[in-house]
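Here are a few friendly notes to read alongside the model. Keep the structure open and find each residue as you go.

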Amino acid sequence: MTDGEADQATRKLDTPRRRRLRANWTSREPTIPLRLFIDYAWDNYDPKAVASYLLAADKGFYHQKRILYEGFCTWVVCPSRSKLREDSMVYRIAKAVDAAEAPWRSNAAGFIPTLGDFVGRLIHGDMRFFQEAYYPTGGAMRVLGALPRAAFKRALAKRATEMLEAVHMMAIYHFHLTHLTSEEYDHALSKETCGAVVGRIFRSNSNRRFVEDRKVWKKINKSLDRRKIIRRSRGKTKGLIAMEYRIHSSTLAIQAWDKSRPAIAYAYAAASIPTDNGRTLLHELIATKSTYKQHRHLLVEWCGRARYVVDHIIAECSQDRGNPERGEPPFEFRSCILPVEPRSFDPPALFSLSTTKLTEAYDYQRKLTADSRRKKANTPLR
């Protein structure tokens, strides 16, 4: 073969598909200085690094921002539940692998289906996805160890109670700072008083504004013998489980606030961002309906409002000054929030707060405190 024939053969092999394949599997460094995915998004979860990457122009590796967004949404709802956060990212990693394999798996009639899966990973995936996300997180065995999607949704809705109580406390703070400027009610900015006021205003048997019913599969008739059940297993019917949460007393509300502090600014900001059909972004997070593709246009507004919550609401409150007697330093809310431009907003109408409700709750709490002090003063010492 002459040199001209060799060059011509090489040019024929240089197809768009081959160029894309070479680009996918060429090791590229990210344009912004971040640690490896397994470090900042898995082992040592860093919400500030995750948010900065979600807002960056760099696309990252294959489906990286979708995976990061899934874990970030779970962290906002349940910041203390690392297993749920990891399961949410594992679900998105598995979806990414399936998205790469599915087109070639369906067209693998002429050859081995497993070969089609391998070809799909080569063409649609890239090296960083498998090196940083898929294999370091556990690969196929970690996917098998994750909660089923239906069970995950129920667990997330059930464990969102703590964050929802903290969000209601934040609504009290925001409304107080916006509408009550009288010095008469300055004492209400304490964490203890705010927890009691939340219980007074919002406490009821159940509250389902943020939580939806969850679908589960039920047998048609449990009295059937095993053979009939197996035969009619495809005839299962969908049942609904009422996922509710309760507003607790002041003590439990304060505990919920302490557990939710890292993500409370993002959660309250999400409750102020409207979506479709009278819902908010927080509704979508708890219902696991928020995706990066659907809500990425809200990220800048979301992070800006979270910064406003930290700088102009939490900074004016006295709920986290620490406990010097126990050696507890104050919680640093800014450590989890990006240093972006704050975006102000009014108290969400979703919480149905009014000056009358708030002042009545304050007066009632003040009366209880006075009665308690009087009772202690009149109790003789033994």
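1. Start in the middle of things: the largest nonpolar core has 94 residues, and those with the most contacts inside it are Phe72, Phe129, Tyr266, Leu282 and Trp302. Such a core is a set of buried Ala, Val, Leu, Ile, Met, Phe, Trp, Tyr and Cys residues joined through side-chain atoms within 4.5 Å. Helix α11 (residues 161-179) gives the largest share of this core, ten residues. Helices here are DSSP runs of H or I with at least four residues, numbered from the N terminus.

2. A word on the source: this is a predicted model, where local features need pLDDT of at least 70, side-chain atom pairs count only at pLDDT 80 or more, and totals for chains, interfaces and linings use all residues. Residues are numbered from 1 along each chain as its sequence is written, and side-chain values use heavy atoms, leaving out hydrogens and water.

3. Now look at helix α8 (residues 127-134). Six of its eight residues are buried, so the helix is largely enclosed by the rest of the structure. Buried means under 20% relative accessible area, exposed over 50%, and partly exposed in between (1.4 Å probe, protein chains only). Arg128 and Glu132 are among the buried residues of α8.

4. Is serine 260 buried or exposed? At 2% relative accessibility, serine 260 counts as buried. Serine 260 lies in helix α14 (residues 250-260), and its side chain reaches the backbone oxygen of alanine 256 at 2.8 Å.

5. For contrast, visit alanine 349, in the loop between α18 (299-313) and α19 (355-378). At 71% relative accessibility, alanine 349 counts as exposed.

Conventions
Helices (H or I, at least four residues) and strands (E, at least two) are DSSP runs, numbered from the N terminus. A polar contact is a pair of N or O atoms within 3.5 Å; within protein, one must be able to donate a hydrogen and the other to accept it, and residues adjacent in sequence count only if both atoms are side-chain atoms.
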